[in-house]
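Colleague: Can we go through the side-chain contacts in this one? Start with how you define things, please.

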Amino acid sequence: MSDQDTLPYDVVVGARTMDLKAVEDLQPCPDDLNEAWIDIELKDGWKSRTIVIWPKSPASQELPLVVYFFGGGFMAGNPHTVIAPARGFASLLQCVVACPSYKLAPENPFPAPVQTGWEVCAWLSEPAHLDEGILKNAEAKINLDLGFVVGGLSAGGSIAGVVGGISVASALGMSDVLGDLPALKNPVTGIFAGIPFFVEEESTPEELKALFRSRKENDGPEAAFIRPMIATAKIDLHSPWFSPFNLPVNKDDFAKHHPKRVFTYGGEKDPFRDDSVVYSEWLKNTVHVDNRHLMLSGVGHIAWVTMNNEAYHTKLIKETTLDGMAWLLQKDWDKSKELPY
């Protein structure tokens with residue numbers, strides 16, 4: 001495939017069909033948790049089908065909120081794929097977790113997938129929407145002062161990172177970036193970006209280009225699909241809705257308004273490996289946001305997801321995910337317990 005080729009639609013459909021395996025592999029809700037599906041209606045009437053998961057008998061009535069987005073190249077995926085880690089967060093870290101759906105390309109080309117992710121976060125940033133809705137009769141209530149983390153994996157990790165950047169534009173009243181999209185009611189406190197997609201050669205900041213080598217070093221079938229994916233989803237590599245690097249904001253304003261903590265990880269053998277490296281270095285050296293970055297040795301484009309595949313359920317990938325989220329929420333978790341599915 002050339003850079004300009006788009007993916008055949010049957011490839012997209014095939015990816016979506018594979019994601020249905022998450023529905024088949026999903027185990028029953030654990031006894032210590034509650035979960036329910038809600039519809040979050042956005043400004044154009046589109047509804048984000050979202051699962052909300054929370055502790056049945058929380059240690060404290062007031063809990064932080066985690067929003068966790070699935071991956072799939074902006075063209076596939078569904079909330080079922082991340083229910084497994086979401087249950088782990090809710091149980092071991094005592095938080096409320098919302099896993100939303102977002103519009104998918106190519107039917108909804110860029111920036112629709114990311115902007116619907118932002119809109120869902122804006123809706124969830126008002127605690128009353130859940131507290132007076134699905135949590136009305138629950139023992140758990142949301143207190144965003146305890147944490148409001150936006151995270152995800154792969155394309156979902158990209159959405160999380162962009163939400164962090166757009167929150168700066170929102171705080172600064174940048175209508176040229178936000179348009180008529182809603183602002184956050186409360187600030188995001190942390191970003192979790194697992195195996196994200198943030199840069200290509202032509203959009204990497206000049207001072208960080210030497211770090212961007214993984215497309216060539218990890219060349220293979222996955223790498224060959226990246227440019228066709230960009231063409232199919234109509235991604236604008238220079239838009240702030242693709243990468244926070246593209247926001248026209250000075251570093252002082254960025255540091256002032258960006259979420260204060262960022263956790264990201266990459267896989268050593270992943271063609272997207274250096275997206276997390278460049279992102280972490282940019283946060284650390286350019287805008288001075290507190291961040292932790294891990295590179296997982298011998299690992300490709302892998303995350304903790306629901307599908308029943310041994311690679312998705314290793315001790316390394318689960319502990320990395322839980323440790324990262326725990327750091328963002330400033331919590332500890334009991335590592336003597338058996339790791340959840």
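Modeller: A salt bridge here is a side-chain nitrogen of Lys or Arg within 4 Å of a carboxyl oxygen of Asp or Glu. This is a predicted model, where local features need pLDDT of at least 70 and side-chain atom pairs count only at pLDDT 80 or more, while totals for chains, interfaces and linings use all residues. Residues are numbered from 1 along each chain as its sequence is written, and side-chain values use heavy atoms, with hydrogens and water left out.

Colleague: How many salt bridges by that rule?

Modeller: The count is 16.

Colleague: Which residue does Arg-213 form a salt bridge with?

Modeller: Glu-217, with the closest N and O atoms 3.0 Å apart.

Colleague: What does Arg-49 pair with?

Modeller: Asp-39, in a salt bridge with the closest N and O atoms 3.3 Å apart. Arg-49 sits in strand β2 (residues 47-55) and Asp-39 in strand β1 (residues 33-41), so the bridge ties together parts 10 residues apart in sequence. Arg-49 is partly exposed at 40%, and Asp-39 is partly exposed at 44%.

Colleague: Which residues are linked in a network of salt bridges?

Modeller: Glu-200, Glu-202, Arg-215, Arg-227 and Asp-275.

Colleague: Switching to aromatics. How many pairs?

Modeller: There are 14 aromatic pairs. Rings of Phe, Tyr and Trp (its six-membered ring) pair if their centres lie within 6.5 Å; planes under 30 degrees apart are stacked, over 60 edge-to-face, and the rest tilted. Phe-197 and Phe-242 make an edge-to-face pair, 5.0 Å centre to centre with 70 degrees between the planes.

Colleague: Are Phe-197 and Phe-242 buried or exposed?

Modeller: Both are buried.

Colleague: Which residues form the aromatic cluster?

Modeller: Tyr-68, Phe-89, Phe-192, Phe-263 and Tyr-265 form one cluster.

Note on methods:
Helices (H or I, at least four residues) and strands (E, at least two) are DSSP runs, numbered from the N terminus. Buried means under 20% relative accessible area, exposed over 50%, partly exposed in between (1.4 Å probe, protein chains only).
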